[in-house]
Amino acid sequence: MAKVLIIGAGGVGNVVAQKCAQVQSVFSEILLASRTREKCDAIASTITHPAFSTAQVDADQASEVAALIRDFQPDMVINVALPYQDLPIMDACLETGVHYLDTANYEPLHEAKFEYKWQWDYHDRYKQAGIMAVLGCGFDPGVTGVFTAYAQKHYFDEIHTLDIVDCNAGDHGQPFATNFNPEINIREITQRGRYYEQGRWIETEPLTVHRPIHYPEIGARESYLLYHEELESLVKHFPTLKSARFWMTFSENYINHLRVLENVGLTRIDTIEFEGQQIVPLKFLKAVLPEPSSLGENYEGKTSIGCHIQGIKNGRPRSYYIYNNCDHAATYREIGAQAISYTTGVPAMLGALLVLTGEWQGKGVFNVEQLNPDPFLEKLGEYGLPWHEQFDTVEQYIKSYSLV
Ligand code: NDP
């Protein structure tokens, strides 16, 4: 029986709140807090749980979060606000001695970095305080790290190549919308591509490297090489890796819209003056785009996210694929959310559950791949994200996935 404070009431916050509320034996008291309290109240009105409450908090202010923690006395904070709030929330947890979990790395406001260094710097202080921070416990980062750790633990002596492949074959019927927070999503996609090869990082122009990749039950989809934050931690924690890449599908329509928005300057993250006011063009763009949490209703199709891994076992080469497919309409029927929010929120709830039940233990700051993958994957299907695995010969692998 534990008390949890969830911060952030967007698409992902809704899923975390709904999923925690379904597991009352662990999450006996839940407080959902966000910048706009009405959004918390709207979520609360759809939830049946005997001890579910809401609050307003500006999580850019560590002191406000610490005051809320002192008042509610949670055992753990789940941060599903935006990456800008990671450090103030981590500070508040440190000050009050409460465990912390998030789904995205800290981002400075005016530069797209996607680096863990600021959060890794908290390790010694969390260790001294005897508390645990779990970083990046969504799907990617999150489940992709657990998949990699599971593969290494059970099937390989050494893993050599990792390709994380992320397909959204869904259609929400909007001409242009992002599936999670538009600001963070567009920052991620418009930055330079980067991948790891033979001990060094290689940069590419944004979205210039692409190829069709085959996804189970979906087929071939054009997939673009991007830099994604978990590459940094996975390369660090699996030193036998010689190559690590991240691929994501985009439709031609999406890429065209994005190019136009970029060309006219609307994806800029610096501050400009507009009619006497200081504005950030990307924040303005976010304000006119659909909210990710609003996309669920007519969303059709599936997501498919997994890890292709090659390496050696008993001196012989081996290829392995582990993945989850998730259906937008099914997640909407279950809890009123589209699959991108769902595939992020379920792992966040599950990571918190494992910390609160003692199955994940540690003092300090951890990425998910440093923790035991077994209890996580034992329960992931039960909470809504069944996963599958397959072994291929190297020849099959090359033929099916065109990843080599
Ligand atoms: P949304 O934009 O839908 O929701 C963000 C929420 O955070 C909103 O409720 C917003 O409040 C709140 N918020 C913003 N600033 C503050 C603040 N200063 N204090 C308190 N609350 C604040 O985003 P998503 O739900 O789509 O994404 C949430 C997080 O999940 C993001 O960090 C995103 O990067 C991450 N993510 C991770 C994925 C993964 O697989 N690892 C995949 C998808 C998302 P308001 O309504 O007032 O703006």
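Three salt bridges are counted between domain 1 and domain 2. Keep in mind that this is a predicted model.

The rule finds 13 residue pairs in polar contact between domain 1 and domain 2, both residues at pLDDT 80 or more. Now look at helix α1, residues 11–22. On the side of domain 1 that touches domain 2, helix α1 gives the most, with six residues. What kinds of residues make up that side of domain 1? They divide into 12 nonpolar, eight polar and six charged.

Step back to the whole chain. Domain 1 covers 2–135. Domain 2 comes in two stretches, 143–337 and 383–401. The C-alpha centres of the two domains lie 24 Å apart. Domain 1 puts 26 residues into the contact, and domain 2 puts in 23 residues.

How can such an interface be sized up? The accessible area lost when the parts come together is often used to give the size of an interface. Domain 1 and domain 2 bury about 2,000 Å² between them. Carbon and sulfur atoms hold 55% of that area. Which residues of domain 1 lose the most area to domain 2? They are F114, Y116 and W120. Together these three account for 31% of what the domain 1 side buries.

Terms used:
Residues are numbered from 1 along each chain as its sequence is written. This is a predicted model: local features need pLDDT of at least 70, side-chain atom pairs count only at pLDDT 80 or more; totals for chains, interfaces and linings use all residues. Side-chain values use heavy atoms; hydrogens and water are left out. Domain bounds come from an automatic or database domain assignment. Contact means heavy atoms within 4.5 Å. Buried area is the accessible area (1.4 Å probe) that two parts lose on being put together, summed over both. A salt bridge is a side-chain nitrogen of Lys or Arg within 4 Å of a carboxyl oxygen of Asp or Glu. A polar contact is a pair of N or O atoms within 3.5 Å; within protein, one must be able to donate a hydrogen and the other to accept it, and residues adjacent in sequence count only if both atoms are side-chain atoms. Helices (H or I, at least four residues) and strands (E, at least two) are DSSP runs, numbered from the N terminus. Ala, Val, Leu, Ile, Met, Phe, Trp, Tyr, Cys and Pro count as nonpolar, Asp, Glu, Lys and Arg as charged, and the others, Gly among them, as polar.
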